[in-house]
Amino acid sequence: MSIRILIKEYPHRAIALTTPSHALVLRHSSSSTDPNGNHNGSTTSLGSTGSGAARCMVEFTGIEEVDLSDYRALNMVNTHGTLGLITVNGDVFLVVVNGASRVATVRPGETILRIHSVGFYCLNSPSYDALLNDEVNPYPTDTIDEEGYEMGFGRGKGESPVEHPCLALKKILSSGTFYYSSDFDMTRRLQDRSSDAATVSIDSLDAGFLWNSYMIQPLVDFRSRLGPREKDALDASGILTSAIRGFALTVTLPSSSAPIRTTRSGLPSSVTLISRLSCRRAGTRFNARGIDDDGNVANFVETETVYWAPSGICFSYTQVRGSVPVFWEQQTGLLPGQQKITITRSPEATQPAFDKHFENLELSYGALHVVNLLSNEKPNEIELTNRYRYHIRNSPLNFGTEKNQEEHELIKLTEFDFHAETRGPGGYEMASMISQWIRYSADSFAYYLSEEIEEHAQSNGHDNVIRRPTSILQQEGVFRTNCLDCLDRTNLVQTIISKMALELFLSHKGSSAGSDFWMRHSSLWADNGDALSRIYAGTGALKSSFTRHGKMSFAGALADARKSATRMYINNFADKGRQNTIDMLLGRLMGQVPVHLYDPINDYVVAELSRRSVEFSESEVIHILAGTFNLNGKTHGIDEDLSPWLCPDVEPSQQCPEIVAIGFQEIVELSPQQIMSTDPARRQAWEAAVKSCLNENAARHGKEEYVLLRGGQLVGASLSVFVRANCLKSIKNVEGSLKKTGMSGIAGNKGAVAIRMEYNNTSIVFVTAHLAAGFANYEERNRDYITISRGLRFQRNRSIEDHDTVIWLGDFNYRIGLSNEKVQRLCRLNDLETLYENDQLNLQMVAGLTFPFYSEARITFQPTYKYDLGTDTYDTSEKARIPAWCDRVLRKGDNIRQTNYDAAPLKFSDHRPVYATFQCLTSKVDEKKKEALSQEVYRQRRAVVGDTRATGTMEDTDDEDLLGYDSIEPGLPPASSDRRKWWLDNGLPARSRAQPPSNDHFPNPRRPSNPFTPSPEPDWVEVKRMGSARPDPPPARGTARAQTVNFNGTSTMRSRSPSAAATLTQTNPNANPPARKLVAPPYSYDSSNKRIPNLDGTRDANTLSRTASTASTHSLPPATIRPLSTSTSKSTPSTLTRKPAPPIPTKKPALLSKPNPHATFAPPPQRYRDDLVADPRPPQAPAPRRSMAAPPPDTFSRKPIVSDLIDASEERPALPPRTGTGLSIGSGSGAAGRGRSLLDDEPEDLEALKGWEVLRPAR
């Protein structure tokens, strides 16, 4: 699909990637964090992804929704997609593929393109638009020689003197070593990917081989937030590109040279070679050696040979290479003797990383055969070989096998001194002698083979023929080859192994290949070796002349000498810069942060749809029956009545379930001839018997017939899923997968078959497994579960655990850990609880060693293994097998409930069949309602956002970076951003009330404005005033000033005199202010004096007040209150006769009219609660309670609580005075004249009195 790149400059710079139907628009947001800007910016704000993170708006929409009139084309050539976004020196660049050519076709419709030109377009600045646009030559630049390496850095004629900041990245991406495909997942081998995937889902790619994963990840995250329709449209557009590094090439075989002749028209066959270089430990030759702590090795390459024939046959064989997996380094040097190898860690410190590397390989490929080509004569290589051998011997993958059973080891080792073996007159031809050492593993590993089969399907009453590829054989092991650099010797030996696999495949087909075929095959491998060598060492591979032609010529020897000299120069003088460029491409430089993308509309729509999913979805309960039966290879029971097992006596509502999953084990006798191949005839016969039984039961109950949805078989294990015909319309995305575990993954006598589906919008997977046998082999059974759970994959890289509902059924072979006599006695007593307490599966699940988070219903039936055939008697043979519950059904999922679990009395096998019934809650989404709601929410959000989006036309606004970050709960502040901080403004001027300790104290200007920033600076600083006779300000609200008490128990009185504060300062001028809390001053009740003393000894006339507060003293620790000194209070008694009243909840400060000391106190006009009911009893002290009225909107600051005591007078107290009214006597003479009356206050304060209530304290 053609992709155009357009740019717009005004009113803000934006870049659009457009297809005929859709557009992806990117716009840089100027609100990104400036690392040199405001120091008060929060590093945890949602608006940023860290210091210096660039933020861009993104929008993916239909082409008709975007106004492209203001855009112009950046170049005249269509692009091939984008590799992602990268930040270089603070500028954000969009990386696009400008030029690519097709180099390979794996199968029809699966093409591979090689990238030979990329473009970097800056999102935030037009300064670089003209720098790289003069390079119209689509081929490698003149700084790259014929070997593909950058040899010179001189500027060409007319080149700009300003170097583009991405020039080094452009050169490495344009070097012809990067490949991509829009048709299939290039990061996975043919065996691990499906053939019928419509599009490439970029979020399921293997990140180990995805070289642009760092750059594309922001767009992948954006894609994950799109709705299903937009997500599919983005995948189909081909805008997002996944690139691998390595080699890919297809050689076409004319029909005369094809090893497999077809009866079809003379279409050519093809051989394709794909090498995928890992990016986990990427680097140049001397900069990347050995292993890292995550188990990744340098120069790790997966190479796949694919042969395709027009008849639909497809062969695939995979090998890997990689550096010796120990911690070692090698110094550069101009002479070979100077390149000393150093092993940097002890064996004990290396083993964990070594084990991690091989465990990952075993999970991905199965059994392993290591081919070590290091020399037995060079001291450096001998040391590496000895360490390699030691770690393989101590690997846990080789534990658990009995002695003299080397064929069951998961890692085998072959040491082949390549140089010594090829030194004689035979030359490099003697390297083929290695085949005799690895022949057994090559036969047992097999290969991947698929063939097209014809299926007849009924659709609308018509019989349609469907051709689709079906897996016949799977590769169950891999050769891991290495030398020192894993280049020259390794490539030659891998060519031999690839030839061995092809010969094995052709021999099974009864065919053979001619010399023309093998010449083309060798030429492919020679090109592969040259390409990989250029990437790692800087030149083509040595010995490629022999690989290509089968013999070593004098010219080839001269070429090898020239390449060796070139490597020496490059490795010593140029590799450091290349390594830095690779690290930048992969995002591994210090301080490198990915670009943050956000979509103000789609992000909100997806979140809103998730929140309102109940509006367009409904639930449906379906019934499932899962049955498992180990047939012991018997077939005479196929004509027996299977209804006790398949149609058990359950509740009528559970008869004829919607889905029936039937698993068989040992459906064929597991002879040595059978375990390497699969014969579907036996499975098809049993499927017909099961279907007939189910349909007879359905007819009795008046239900629809059952149809076979899908079947799968792995030698003796098979799984068949039947569904009622009327349920087919609710089922989609049915897939199957296999995983072998028998003989360490080599053969199919043990393993698993899985079938998945989506019923409505709920994903369900069934797994039937036959695990390792043997009473004591429970650890091997645990490993089999891990191998299946991690290694079994469906399309889009789905694993078993990626489903809503998981049901395992099969012969798990876990035994009961008691003696035969005791088990049989407990069976006769029907003491199933004691048996279950000693059941291996139960004990291993409780210990968390297998089937984590799975559940099993209570077992109410006798052990199902092992019976004498045709009887209910347990094994009486010489082996006397201990009875056990080998056959089990387990489940996982929060939407499934098990209703029955039992065994059936079918006696033609030595096992009893087991069945389980379930109720499953499925979710059904009404797509029309969802789409309508999506459009409605989209329109609403677009009205709110306006033009503040990627395709908008408005200038940047201050609120732009707040879009998409709304409050998570009503009443909470919105999320902070780089420009807006709710704790400072929230759109309003910040207001706060704070009382300085004295007149000489002022706010500390050095303290950060952000109140949450830790700082050693005190809140106040003291500034001495010379000759100031200004009177002290009145205390807050006419109450006693609070004293501060240290948490350590010492009390300090904040004196109003400057001398006291000066004394405190002079005592310890450098000490940090201690943590303080506020407590009320002591007060002693005096019936003769019913006025509250102020700290300065004055009294307020007829003024009883409470201080409004938003704080609570209950949260503070208790502190000792000491009497005030006589210098501060003249009449404070030394003892307290009553406790202070409880704190009053926060109220807005009330208004008080001007007091008259000679007038009689008159109550305010409000009504009190105690007016309603007259109570002659003395009032009790009220319990602290919280007002239900909301606090006034302008009450932002927290104030200290000062609890005053009110006397026992029957007179109702006046409302608290307003701060600063001058009504306090302690405020100095003339206070009454300066005070404000009630009429002076604002009208809104009068309105505030309506919500008040006054509490009357008791004595």
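Author: The largest nonpolar core has 85 residues, and those with the most contacts inside it are Ile112, Tyr307, Phe358, Leu384 and Phe505. A nonpolar core is a set of buried Ala, Val, Leu, Ile, Met, Phe, Trp, Tyr and Cys residues joined through side-chain atoms within 4.5 Å. Buried means under 20% relative accessible area, exposed over 50%, and partly exposed in between, with a 1.4 Å probe and protein chains only. The model is predicted: local features need pLDDT of at least 70, and side-chain atom pairs count only at pLDDT 80 or more, whereas totals for chains, interfaces and linings use all residues. Residues are numbered from 1 along each chain as its sequence is written, and side-chain values use heavy atoms, with hydrogens and water left out.

Helix H8 (residues 488-508) supplies the largest share of this core, 10 residues. Helices (H or I, at least four residues) and strands (E, at least two) are DSSP runs, numbered from the N terminus. At least three residues of the core come from each of domain 1 (4-30 + 52-141 + 163-241) and domain 2 (268-400 + 407-515); such domain bounds come from an automatic or database domain assignment. In soluble globular proteins, nonpolar side chains tend to be buried together.

Consider next Phe358, one of the core residues with the most contacts. Beyond residues up to four places away in sequence, Phe358 touches Pro325, Leu368, Val370, Tyr388, Leu397, Ile411 and Arg480, where contact means heavy atoms within 4.5 Å. A second, separate core of 43 residues includes Ile659, Ala717, Cys727 and Val823.

Tyr180 counts as buried because its relative accessible area is 3%. Tyr180 and Thr241 are 61 residues apart in sequence, yet 7.0 Å apart in space, C-alpha to C-alpha. The side chain of Tyr180 also makes a polar contact with that of His80 (3.4 Å). A polar contact is a pair of N or O atoms within 3.5 Å; within protein, one must be able to donate a hydrogen and the other to accept it, and residues adjacent in sequence count only if both atoms are side-chain atoms.

Returning to helix H8, Ser498 lies in this helix. Ser498 counts as buried because its relative accessibility is 1%. Its side chain forms a polar contact of 3.4 Å with the side chain of Trp525.
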